Amino acid sequence: MRAVIQRVLRSKVTVDGQTIGEIGKGYTVLLGVCNEDTTKEAAKLIKKMIGLRICEDENGKTNLSIQDTDGELLIMSQFTLHADCRKGRRPSFIGAGSPDHAKELYEYVIEQCSSQVRKVAHGEFGAEMVVEIINDGPFTIVLDSAELA
(Lines give C-alpha, C1' and ligand atoms only; values in the text may rest on other atoms or scores of the structure.)
Protein backbone atom coordinates (compact mmCIF):
# COMPACT_ATOMS: atom_id res chain seq x y z
CA MET A 1 0.00 0.00 0.00
CA ARG A 2 1.33 3.40 -0.93
CA ALA A 3 0.29 6.86 0.14
CA VAL A 4 1.33 10.31 -0.99
CA ILE A 5 0.57 12.71 1.83
CA GLN A 6 0.50 16.43 1.19
CA ARG A 7 0.14 18.91 4.02
CA VAL A 8 -2.45 21.40 2.80
CA LEU A 9 -4.09 24.66 3.76
CA ARG A 10 -7.21 23.43 1.97
CA SER A 11 -8.17 20.87 -0.63
CA LYS A 12 -11.23 19.67 -2.47
CA VAL A 13 -12.29 17.03 -4.93
CA THR A 14 -15.04 17.34 -7.52
CA VAL A 15 -16.78 14.78 -9.72
CA ASP A 16 -18.86 15.95 -12.68
CA GLY A 17 -18.56 19.55 -11.46
CA GLN A 18 -19.91 18.77 -7.98
CA THR A 19 -17.72 19.08 -4.87
CA ILE A 20 -17.87 15.72 -3.07
CA GLY A 21 -15.10 16.24 -0.51
CA GLU A 22 -13.48 19.32 0.95
CA ILE A 23 -11.16 20.05 3.86
CA GLY A 24 -9.36 22.93 5.49
CA LYS A 25 -5.93 22.59 7.06
CA GLY A 26 -4.68 19.01 7.13
CA TYR A 27 -3.53 16.34 4.69
CA THR A 28 -4.58 15.35 1.21
CA VAL A 29 -3.81 11.65 0.82
CA LEU A 30 -3.53 9.74 -2.45
CA LEU A 31 -3.83 6.03 -1.63
CA GLY A 32 -2.69 3.17 -3.86
CA VAL A 33 -3.58 -0.46 -3.10
CA CYS A 34 -2.00 -3.59 -4.59
CA ASN A 35 -3.40 -7.13 -4.54
CA GLU A 36 -1.04 -8.28 -1.77
CA ASP A 37 -2.26 -5.56 0.62
CA THR A 38 -4.41 -6.50 3.62
CA THR A 39 -5.88 -4.69 6.59
CA LYS A 40 -2.53 -5.37 8.30
CA GLU A 41 -0.69 -3.14 5.80
CA ALA A 42 -3.49 -0.60 5.96
CA ALA A 43 -3.30 -0.42 9.78
CA LYS A 44 0.47 0.06 9.65
CA LEU A 45 0.13 2.85 7.10
CA ILE A 46 -2.70 4.57 9.01
CA LYS A 47 -0.75 4.48 12.27
CA LYS A 48 2.29 6.08 10.61
CA MET A 49 0.25 8.67 8.70
CA ILE A 50 -1.79 9.79 11.71
CA GLY A 51 1.29 9.86 13.94
CA LEU A 52 3.61 11.74 11.57
CA ARG A 53 4.80 14.95 13.16
CA ILE A 54 4.76 17.12 10.05
CA CYS A 55 2.53 19.95 11.27
CA GLU A 56 4.10 23.11 12.65
CA ASP A 57 4.03 24.03 16.33
CA GLU A 58 3.91 27.60 17.70
CA ASN A 59 7.63 27.98 16.90
CA GLY A 60 7.29 26.92 13.26
CA LYS A 61 8.89 23.50 13.88
CA THR A 62 7.36 20.38 12.32
CA ASN A 63 6.66 18.85 15.69
CA LEU A 64 2.92 18.09 15.74
CA SER A 65 0.71 15.37 14.28
CA ILE A 66 -2.59 15.89 12.51
CA GLN A 67 -4.37 14.89 15.73
CA ASP A 68 -2.39 17.46 17.74
CA THR A 69 -3.55 20.23 15.39
CA ASP A 70 -7.13 18.99 14.94
CA GLY A 71 -6.36 18.75 11.22
CA GLU A 72 -8.54 17.22 8.53
CA LEU A 73 -8.01 14.49 5.91
CA LEU A 74 -9.05 14.23 2.27
CA ILE A 75 -8.40 10.67 1.03
CA MET A 76 -8.57 9.59 -2.60
CA SER A 77 -7.92 6.26 -4.28
CA GLN A 78 -4.99 6.47 -6.70
CA PHE A 79 -4.16 3.20 -8.49
CA THR A 80 -1.49 4.97 -10.56
CA LEU A 81 0.79 4.95 -7.49
CA HIS A 82 1.52 1.33 -8.46
CA ALA A 83 2.54 2.18 -12.04
CA ASP A 84 5.48 0.22 -13.40
CA CYS A 85 7.51 2.48 -15.69
CA ARG A 86 10.59 0.28 -16.09
CA LYS A 87 9.91 -0.69 -19.72
CA GLY A 88 8.85 1.46 -22.59
CA ARG A 89 7.02 4.74 -22.28
CA ARG A 90 3.56 3.51 -21.34
CA PRO A 91 3.15 2.62 -17.66
CA SER A 92 1.82 -0.78 -16.68
CA PHE A 93 -0.75 -0.92 -13.90
CA ILE A 94 -0.73 -4.68 -13.44
CA GLY A 95 0.67 -4.17 -9.92
CA ALA A 96 -2.37 -2.17 -8.82
CA GLY A 97 -5.02 -3.97 -6.81
CA SER A 98 -8.13 -5.32 -8.49
CA PRO A 99 -10.99 -2.83 -8.24
CA ASP A 100 -13.01 -4.87 -5.70
CA HIS A 101 -10.00 -5.46 -3.45
CA ALA A 102 -8.74 -1.88 -3.73
CA LYS A 103 -12.18 -0.40 -2.99
CA GLU A 104 -12.57 -2.59 0.09
CA LEU A 105 -9.23 -1.47 1.54
CA TYR A 106 -9.80 2.16 0.50
CA GLU A 107 -13.09 2.17 2.42
CA TYR A 108 -11.37 0.46 5.37
CA VAL A 109 -8.75 3.24 5.51
CA ILE A 110 -11.45 5.93 5.43
CA GLU A 111 -13.40 4.18 8.20
CA GLN A 112 -10.33 3.72 10.43
CA CYS A 113 -9.14 7.30 9.91
CA SER A 114 -12.63 8.61 10.69
CA SER A 115 -12.36 7.16 14.18
CA GLN A 116 -9.07 9.01 14.80
CA VAL A 117 -9.38 12.33 12.97
CA ARG A 118 -12.18 14.87 13.45
CA LYS A 119 -13.01 15.30 9.76
CA VAL A 120 -12.29 12.82 6.97
CA ALA A 121 -13.52 13.64 3.47
CA HIS A 122 -12.92 11.41 0.47
CA GLY A 123 -13.13 11.06 -3.26
CA GLU A 124 -15.28 8.64 -5.21
CA PHE A 125 -13.63 5.31 -5.97
CA GLY A 126 -13.15 4.77 -9.70
CA ALA A 127 -14.46 8.18 -10.71
CA GLU A 128 -12.74 10.82 -12.81
CA MET A 129 -11.92 13.37 -10.14
CA VAL A 130 -10.63 16.93 -10.25
CA VAL A 131 -8.52 17.69 -7.20
CA GLU A 132 -7.61 21.16 -6.01
CA ILE A 133 -4.77 21.33 -3.52
CA ILE A 134 -3.34 24.38 -1.79
CA ASN A 135 -0.13 22.79 -0.56
CA ASP A 136 1.32 24.03 2.74
CA GLY A 137 5.08 24.24 2.71
CA PRO A 138 5.06 22.54 0.27
CA PHE A 139 5.32 19.43 2.37
CA THR A 140 4.89 16.04 0.69
CA ILE A 141 5.67 12.60 2.17
CA VAL A 142 5.54 9.23 0.39
CA LEU A 143 4.79 6.15 2.50
CA ASP A 144 5.00 2.53 1.38
CA SER A 145 3.67 -0.05 3.85
CA ALA A 146 6.38 -2.50 2.72
CA GLU A 147 9.02 -0.09 4.04
CA LEU A 148 7.41 0.76 7.40
CA ALA A 149 8.50 -0.75 10.69
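Modeller: What follows goes through these features one at a time. This is a predicted model, in which local features need pLDDT of at least 70, side-chain atom pairs count only at pLDDT 80 or more, and totals for chains, interfaces and linings use all residues. Residues are numbered from 1 along each chain as its sequence is written, and side-chain values use heavy atoms, with hydrogens and water left out.

Colleague: How are strands and their pairing defined, and which strands does E1 pair with?

Modeller: Helices (H or I, at least four residues) and strands (E, at least two) are DSSP runs, numbered from the N terminus. Two strands pair if DSSP finds at least two bridges between them. Strand E1 covers residues 2-15. E1 is joined to strand E3 (residues 26-32) by 7 bridges, antiparallel, and to E8 by 12 bridges, also in the antiparallel sense. A further 5 bridges join E1 to strand E2 (residues 18-23), again antiparallel.

Colleague: Which residues stand opposite each other in these pairings?

Modeller: Arg2 has Gly32 of E3 as its bridge partner. Val8 is partnered by Asn135 in E8, and Val13 stands opposite Gly21 in E2. E1 and E2 form a hairpin with 2 residues between them, and Asp16 in the turn has a positive phi of about 50°.

Colleague: Is E1 mostly covered or mostly open?

Modeller: Buried means under 20% relative accessible area, exposed over 50%, and partly exposed in between (1.4 Å probe, protein chains only). By that rule 10 of the 14 residues of E1 are buried, so the strand is mostly covered. Thr19 counts as partly exposed because its relative accessibility is 39%.

Colleague: What does Thr19 touch?

Modeller: Contact means heavy atoms within 4.5 Å. Leaving aside neighbours within four places in sequence, Thr19 is in contact with Lys12, Val13 and Thr14. As a distance of another kind, the C-alpha atoms of Thr19 and Gln116 are separated by 24 Å, the two residues being 97 apart along the chain.

Colleague: How should I read salt bridges, and how many does the structure hold?

Modeller: Side chains of opposite charge can pair when their charged atoms come close. The criterion is a side-chain nitrogen of Lys or Arg within 4 Å of a carboxyl oxygen of Asp or Glu. The structure holds 7 salt bridges. In one of them, the side chains of Arg7 and Glu56 meet at 3.9 Å, N to O. Arg7 lies in strand E1 and Glu56 in strand E4, so this pair ties together parts that are 49 residues apart in sequence. Arg7 is buried at 4% relative accessibility, whereas Glu56 is partly exposed at 44%. Arg7, Lys25, Glu56 and Asp136 are linked in a network of salt bridges.

Colleague: Where is Asp57, and what is the nearest side chain of opposite charge?

Modeller: Asp57 is in the loop between strand E4 (55-56) and strand E5 (62-64). For charge, Lys and Arg count as positive and Asp and Glu as negative; His and the chain ends are not counted. Asp57 is buried yet has no salt bridge, and the nearest side chain of opposite charge, Lys61, is 7.7 Å away. Not counting residues up to four places away in sequence, Asp57 touches Asn63 and Leu64.

Colleague: How many disulfides are there?

Modeller: A disulfide is a pair of cysteine sulfur atoms within 2.5 Å, and a search of the whole structure finds 0. The sulfur of Cys85 is 16 Å from the closest cysteine sulfur, in Cys34, which is too far for a bond. Cys113 is in no disulfide either; the nearest cysteine sulfur, that of Cys55, is 14 Å away. Cys85 is exposed at 54% relative accessibility, and Cys113 is buried at 0%.
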